[in-house]
Amino acid sequence: MLKYIVKRILNAIPLLILITLIGYSIINAAPGDPVNMFINPEKATKIDVERIREAYGLNKPVYVRYFLWLGNLLKGNLGDSYFHSRPVLDMLKEAIPNTLILGIASTILAVAVAIPAGIISAIKRNSFWDYVFSTISFIGVSLPSFWFGLMLILMFSLKLGWLPTSGMRENFEQFVFMDRLKHLILPAIVLGMGNMAQYMRFMRGAMLEVIRQDYVRTARSKGLSERIVIFKHTLRNALLPMVTLFGFLLPVLFGGAAITETIFSWPGIGRIMIEASFTRDYPVMMGDMLMIGSLVILGNLLADVLYAVADPRIKYD
Amino acid sequence: MNKYKVWISFVLILVMLAATFTLVNAGTAKAPEKILTEATFSDPRTLNPIMMEDTASSDIIKRCNAALLKYDKNINLVPYAAESMPTVSKDGKTITFKLRKDIKWHDGVEFTSADVKFTYDMILDPDVMSPRYGDFLSIDKIETPDKYTVVFKLKKADSIILHEFQNEYLIPKHIWEKEDKKTLKANPKSRNLIGIGPFKFVEWKTAERVVLVKNPDFFYEDVKLDKYIISITPSTATALIKLEKGEANYVQVPEAEVARIKKLPGIKVITVQAPVFDYIGYNTKTPFFSDKRVRQAIAHAVNKNAFAKGIYKGLATPAETSYPPAFSMHEKNVRTYNYDLNMAKKLLDEAGWKVGKDGIREKDGVKFKVSCVTNKGNVMREKAIVLLQSALKPLGIAVEPRILEWNTMWEKYVDIGKYEMVYGGMTLSLHGNQDGLWHSDPMIGYFNKGRYANPKLDEIWDLARVEFDVKKQNKLYSDAQKMLADDQPWTFTVYRTTSFAVKNNVYPTVYDILEDCDFYKWDIK
């Protein structure tokens, strides 16, 4: 198993380089010159523009710049943001925990709703509840998050006054758990809605798959109560694929729920990503891409490993 | 344990927490402090006055700092950190300032001429790469004969630079003199701010908020507010909800929301003129718009009143010149273009564009089919070009509206002259010299992408630059406006406004064009 993991990680390195290379090409192919972000086009002269290009290395050919970036990366340096003149690493370090908290909270909420709903949908297939949950999950996937987010804010913050409108905290001096929790609820719900639908359908499908198996029929015919059949035998096996789903969805936690973060003024990396795209902040975009790429690969690896750990039938050599 | 039970307990816990919140919410006492909380769109990029170039940064810097001069509400220059208006030598090349003697930096150190010299030396230092550099190119050197006197020696006479002195906030020499010049922006001190202005900087939590407090030793006037919090809210919708709920008591309101926000109880909306006009820009290098009669025809075909009322919801006024009315040099007696389709058709006929069989005009085998570009993100302008399309159809001109992302529009179309018409907005410098918009030299007329060329007009801007007498300068600008109205290199459609919403207990001081520049006057009762 360990050999397998090491092999996968080694394979990941050329893959990551390829990802950054492709990303870099796309970024540079898009119209938009980062130099325009440094100068006031009204006042800048050609000399100013050239000086800025030189200082930021933008006068070097495209491929040279890529290798320079790669070289810096190997030294652990992601460069400085063009827009903010701060190290990209600092910006990401500040924002990642915030997005992570939001991602985890939304996943917990999603799963807490999705698993029971999925189980009920599977057990009572095609019943009233199955249709209700299916409808809810379709609505959840289709609702635009910015609209849903605003609706929640209007209802729970403005009309009812139970929760704050946006932001991550009110108390900046100390960490007050209640304060953070109040601010976390609405964005977590909005972010969780889409994922919940996926988990629910997946859970339902996995349950149905397992219920059909011979060993379940055997358990029933042994005279075991339906509850034990469902919870001890079926559910445990159905949860296995769910575990891999978590692995796949890991990048989503970091991917930055850009729209949710914007609506709720959440200081996470989604917001940073959007800003970097509009301002052609190449170093930030590259750092971001590297991060997401690593997480996708890591997520896949984690999913595969967890699956092997949970299911003794799976062996990697 | 039974998984069902686990789930139910979880839900019950959530419900209990929800109940606790309502209780927790109930008992917040209001501090007697006068706190203004503004919901703004984005973080500043830097708090270093000589490295700033965006509005988010300059908004915060100007609250914490001061310049040599400022504008009074009629956009006239008056002294600020300077004790009196500067004296200008006869040849216009020497400008002498006497500074006030009662100014201290927020850390208690005295403000002297050394700080002024240091600031401008840094700006002009190529290693610093200050975005302010281009504003002060005419400075040759700066002398400080004593602690409170600064002498600017210019390479050539330049009256515009007085306005730039109004725009430049000063930095403390004792804080910056030992810092590496090449990395000022990345320097952590640039995320801090020691100034001489009405508010002191306290903290900046990236993407969350900036906090300022009153400077009790502000030299100019007594500051009434105690605290000013800038709450960063990237979503306008959320910002307006914050205002409604009371989490913010000052927000800028987009035109589309003004009518709704006005109706909210406990909130007042103030609308002022902005230094902005919207326009239709013509590329004079195309066969369509090289003849000014065509441009004039289109000006007659655009119902500016309808634009102002319909698209801009009455929050804009029809425009005929390149200076909004609040500017002192605004000239009323220019050629105007009333809504007159017959006149428009006549001009087009005269210019040789005859209506073809398909209803579209043609000349020399070319059909009058053009595209009009504008950038995504400004709803008014997007609507305007669609309206333009239908407005020009009866004239036999086919317009294809193209809404593009800003960078794409600029780089791929406008900057390289690959466009026929553009619908844009121009934010004007308050000094009034518009050579950047109209000069035929591409290095000077940076915004003149339509390549309009009028040598007589070029001369006017050059003369205005060395004219220190405001009346004479305004006369020159007046002549310029008459020429521009005749030539119609752009058709000015409307003058824009800016609207602010505040809670009723906030007493703001806002002016036309200058908006909230006298921030120290704001009060909360």
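**Two domains, two chains**

Author: Happy to! Let's begin inside chain B: domain 1 of chain B and domain 2 of chain B bury about 1400 Å² between them, with 65% of that area coming from carbon and sulfur atoms. In domain 1 of chain B, the residues that lose the most area to domain 2 of chain B are B:Ser159, B:Ile160 and B:Ile513, which together make up 43% of what that side buries. Please keep in mind that this is a predicted model.

Reader: Thanks! Where do domain 1 and domain 2 of chain B run in the numbering?

Author: Domain 1 of chain B covers 38–249 + 505–524, and domain 2 covers 273–498. Taken over C-alpha atoms, their centres are 34 Å apart.

Reader: And how many residues of domain 1 of chain B are in contact with domain 2 of chain B?

Author: There are 15 residues from domain 1 of chain B, in contact with 17 residues of domain 2 of chain B. The rule finds 1 salt bridge across that interface, and 7 residue pairs are in polar contact there, both at pLDDT 80 or more. Helix α4 (residues 160–167) of chain B gives the largest share of the domain 1 side, 4 residues. By class, that side has 8 nonpolar, 3 polar and 4 charged residues.

Reader: Are B:Arg496 and B:Asp278 buried or exposed?

Author: Both B:Arg496 and B:Asp278 are buried. In general, side chains of opposite charge can pair when their charged atoms come close.

Reader: What about B:Arg293 and B:Asp291, how do their side chains meet?

Author: Those side chains meet in a salt bridge too, at 3.0 Å from N to O. B:Asp291 counts as buried because its relative accessible area is 19%, under the 20% limit. B:Arg293, at 30% relative accessibility, is partly exposed.

Reader: Ok, and why does B:Ser478 count as buried?

Author: B:Ser478 counts as buried because its relative accessibility is 8%. You can find B:Ser478 in helix α15 (residues 470–487) of chain B. Its side chain makes a polar contact of 2.4 Å with the side chain of B:Glu331.

Reader: Last topic: how many residues does the contact take from chain B and chain A?

Author: The contact takes 52 residues from chain B and 55 residues from chain A. Between them, the two chains bury about 4900 Å², with 61% of it on carbon and sulfur atoms.

Reader: And how many salt bridges are there between chain B and chain A?

Author: There are 3 salt bridges between chain B and chain A. One of them joins the side chains of A:Arg271 and B:Asp43, at 3.6 Å from N to O.

Reader: Which element of chain B gives the most to the side that touches chain A?

Author: That's α1(B), with 11 residues. The residues on that side of chain B divide into 21 nonpolar, 12 polar and 19 charged.

Technical notes
Residues are numbered from 1 along each chain as its sequence is written. Chains are lettered from A and ligands numbered from 1 in the order in which they are written. This is a predicted model: local features need pLDDT of at least 70, side-chain atom pairs count only at pLDDT 80 or more; totals for chains, interfaces and linings use all residues. Side-chain values use heavy atoms; hydrogens and water are left out. Contact means heavy atoms within 4.5 Å. Buried area is the accessible area (1.4 Å probe) that two parts lose on being put together, summed over both. A salt bridge is a side-chain nitrogen of Lys or Arg within 4 Å of a carboxyl oxygen of Asp or Glu. Helices (H or I, at least four residues) and strands (E, at least two) are DSSP runs, numbered from the N terminus. Ala, Val, Leu, Ile, Met, Phe, Trp, Tyr, Cys and Pro count as nonpolar, Asp, Glu, Lys and Arg as charged, and the others, Gly among them, as polar. Buried means under 20% relative accessible area, exposed over 50%, partly exposed in between (1.4 Å probe, protein chains only). A polar contact is a pair of N or O atoms within 3.5 Å; within protein, one must be able to donate a hydrogen and the other to accept it, and residues adjacent in sequence count only if both atoms are side-chain atoms. Domain bounds come from an automatic or database domain assignment.
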